[in-house]
Amino acid sequence: MQTKKINFSNFSSFKIGPSLDVVIFEDDFSTISKYYLIGSCNNTLIGDTPPPLAMLSKKYDYIKIEDNLLKIGGATPSGKIASFCKKNDIANFEFVSHLPGKLGGLVYMNAGLKEYEIFNYLLEIMTPSGIKKRDEIHYEYRKTDISEPILEASFELHYGFDETKVLMFKKMRSNQPSTPSAGSCFKNPQGDYAGRLIEEVGLKGLMRGAMCFSPEHANFLVNNGGGKFEDALWLIKEAQKRVQEQFGINLECEIVILDTEYKGT
C-alpha cells in the first residue's frame with residue numbers, strides 16, 4: 001500500500017502535529033474504514049496520538065465540464081476551483097477562493113460564507129459505493145451525514161462569474177488573522193457569535209504557550225510560533241467550559257480534532 005510521509009507541523013494550516021505516514025488511496029477502498037481521511041488539513045488540529053490517516057491520490061484532483069455539469073474531483077484544491085471558474089466565466093463559486101481546503105472537505109462540512117454554501121448548487125456526489133443525490137444526504141450549517149470518501153461532486157453549471165462577489169467575500173474575510181490557524185474554531189450558536197462569547201468570557205488574546213484566541217478575531221485559535229497541541233486543546237476546552245458556565249451555551253467545534261485520547265464536541 002502506497003504511503004506518504006507528512007510533517008504536520010509544516011503541512012497543516014495550524015502548523016501543529018507530528019511527522020506521520022499517511023496511506024494514499026486510489027482505486028481499492030476496501031480498507032478505508034480503518035483510516036481517517038484528510039485533505040489539506042486547513043480545518044484540522046492533529047494531536048500527538050492521531051488515528052491512522054489516509055488521503056486521496058492525485059487521480060482525484062481534476063475539474064471538468066461534462067454533460068452540462070461542473071464535475072470536480074474530491075482532491076481538487078479550492079484555489080484551483082476558483083481559478084477554473086473565473087477563467088471559464090462560471091458563476092456561484094466565487095466564495096470558494098476564501099475557503100482553503102479540497103473539494104471533498106468543503107462538501108463534507110458544507111463549507112461556506114454565510115448563506116453561500118457548497119451545497120447550494122450540489123447535485124450529487126460519487127463515493128466508493130456509488131452515487132448519492134443531494135436529497136439523499138442530510139446537510140445543515142457546517143455539517144453533513146456523509147460517511148464515505150467523496151471521490152467526485154457534480155454541480156449545476158451556470159455562467160456569469162461575478163467579480164463584485166469576489167470583492168464582497170474578500171471584505172467579509174478582512175478581519176481574519178493571517179497567523180497560522182484552522183479557520184473558525186467553533187460553530188456560531190443559533191442567534192449568536194462564537195467570537196463574541198469567547199471575548200465575553202475573557203479569552204480573547206489570552207496566551208497559553210504560543211497559542212491564543214486571536215486579538216483580531218476571538219473565534220480564531222492561532223499559533224504564534226511553535227504552538228503545541230496540548231495548549232491548543234486547553235484553550236478549546238477552557239472556552240467551552242467558560243461559555244457553558246456563563247451563558248449555558250455548548251460551543252461546538254468547527255475545526256476537526258484528530259487525537260485518539262481527545263473526547264469532546
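The model is predicted, so local features need pLDDT of at least 70, side-chain atom pairs count only at pLDDT 80 or more, and totals for chains, interfaces and linings use all residues. Residues are numbered from 1 along each chain as its sequence is written, and side-chain values use heavy atoms, leaving out hydrogens and water.

**View 1. An open sheet of 4 strands.** The strand order is β1-β2-β5-β3, with mixed pairing. At the edges, β1 (3–7) and β3 (36–37) each pair on one side only. Strands are DSSP runs of E of at least two residues, and helices are runs of H or I of at least four, numbered from the N terminus; two strands pair if DSSP finds at least two bridges between them. Here 2 bridges join β3 to β5 (residues 53–56), and these strands run parallel. Look for L37, whose bridge partner in β5 is A54.

**View 2. K80 meets D61 in a salt bridge (2.9 Å, N to O).** K80 sits in helix α2 (residues 78–87) and D61 in the loop between β5 and β6 (63–66), so the pair ties together parts 19 residues apart in sequence. A salt bridge is a side-chain nitrogen of Lys or Arg within 4 Å of a carboxyl oxygen of Asp or Glu.

**View 3. R142 and E117 form a salt bridge (3.3 Å, N to O).** R142 is buried at 8% relative accessibility, and E117 is buried at 16%. Buried means under 20% relative accessible area, exposed over 50%, and partly exposed in between (1.4 Å probe, protein chains only).

**View 4. D192 and R196 join in a salt bridge (2.8 Å, N to O).** D192 is buried at 15%, whereas R196 is partly exposed at 36%.
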